[in-house]
Amino acid sequence: MTLDELLTVGRAAAEEGCRLLRTAEPGKIAAKGDRDFVTDLDLRIQKKVCQFLSIRTPDVGFIGEEAGEHEKSDHGQPYRWILDPIDGTSNFIHGIPMCAVSLALVHKDIPVIGIIKAPFLNLEYHASAGQGAFSNDVRIGASRTSSLEDAIVSIGDYAVGVDASEENRRRFALTTALAERVERVRMIGSAALDLAWVADGRLDGCVMLSNKPWDTAAGVLIARESGAVVTDSDGSEHSLTAAHTIAASPAIAPLLLDLVATTR
């Protein structure tokens, strides 16, 4: 299959998930850990998308966020689909519309296709390597903001679970540092939308002191294809194994990295 054909399959698969997300109830809500939840609908969407992709791309592996039968079936293949069935589950549970189905195709850990569908916002973002980024089929680009004082920057969720207090010390320091420099700080609650909105110029930057492939793989490619700079917090190129995820318009990316460095 060509990359264009795989993109078509991926968009159709993500739409299968969105069809459920639009119409189904959350169902049973279970705790995965401290203040971390999964719904029956997360599992239903993951199963539906996995089955769809396994039929149409049987030689491509699959990794989903949620545990269970459909969590992982990569068998060493160089290509793998990576899915977050509902990115922003807590938002979804509480009726907050910032949530999305996030699907990426990676080749040897490099994202080559990214699809993010936010059905309650009527938004679909997609990109394939070297072909640009699109929102509802209209080409998009990162913002041209050149100063932190004019920038709106989002931050990732605060940590929960084991060692959350220790991990949040840096997050609190980051929040303070940003609040003293940027125009506004936002917490969206969906890593996929953080990255998509940097790509779309709605945000000038985002800083997530985390990096989980199902959260970031699709959005990282979409942001890069829009012209945004995406790195780890040390300035190295972002990868699936990066510690953190920072995306920004080209002009403010080095300024944002310098600011993040002061919070170490």
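Reader: Why is Tyr-158 called partly exposed?

Author: Tyr-158 has a relative accessible area of 33%. Buried means under 20%, exposed over 50%, and partly exposed in between, using a 1.4 Å probe and protein chains only. Tyr-158, at 33%, is therefore partly exposed. Please keep in mind that this is a predicted model, in which local features need pLDDT of at least 70, side-chain atom pairs count only at pLDDT 80 or more, and totals for chains, interfaces and linings use all residues. Residues are numbered from 1 along each chain as its sequence is written, and side-chain values use heavy atoms, leaving out hydrogens and water.

Reader: How many aromatic pairs does a search of the whole structure find?

Author: The search finds two.

Reader: What makes Phe-92 and Phe-120 a stacked pair?

Author: Their ring centres lie 6.3 Å apart and their planes are at 15 degrees. Rings of Phe, Tyr and Trp (its six-membered ring) pair if their centres lie within 6.5 Å; planes under 30 degrees apart count as stacked, over 60 as edge-to-face and the rest as tilted. So Phe-92 and Phe-120 are stacked.

Reader: Where in the chain do Phe-92 and Phe-120 sit?

Author: Phe-92 belongs to helix α3 (residues 89–93), while Phe-120 is in the loop between β6 (110–118) and β7 (123–128), 28 residues apart. Helices (H or I, at least four residues) and strands (E, at least two) are DSSP runs, numbered from the N terminus.

Reader: Is Phe-92 buried or exposed?

Author: Phe-92 has a relative accessible area of 9%, so it is buried.

Reader: Why is the pair of Tyr-158 and Phe-172 called edge-to-face?

Author: Here the ring centres are 5.2 Å apart and the planes meet at 65 degrees, so the pair is edge-to-face. Tyr-158 lies in the loop between β10 and α4 (164–179), with Phe-172 in helix α4, 14 residues apart. At a relative accessible area of 45%, Phe-172 is partly exposed.

Reader: How do you know that Thr-145 is buried?

Author: Thr-145 has 18% relative accessibility, so Thr-145 counts as buried. Thr-145 is found in the loop between β9 (138–140) and β10 (152–155).

Reader: Which residues is Thr-145 in contact with, leaving aside its neighbours within four places in sequence?

Author: Contact means heavy atoms within 4.5 Å. Thr-145 has contacts with Asp-150, Ala-151, Asp-204, Ser-249, Ala-251 and Ile-252.
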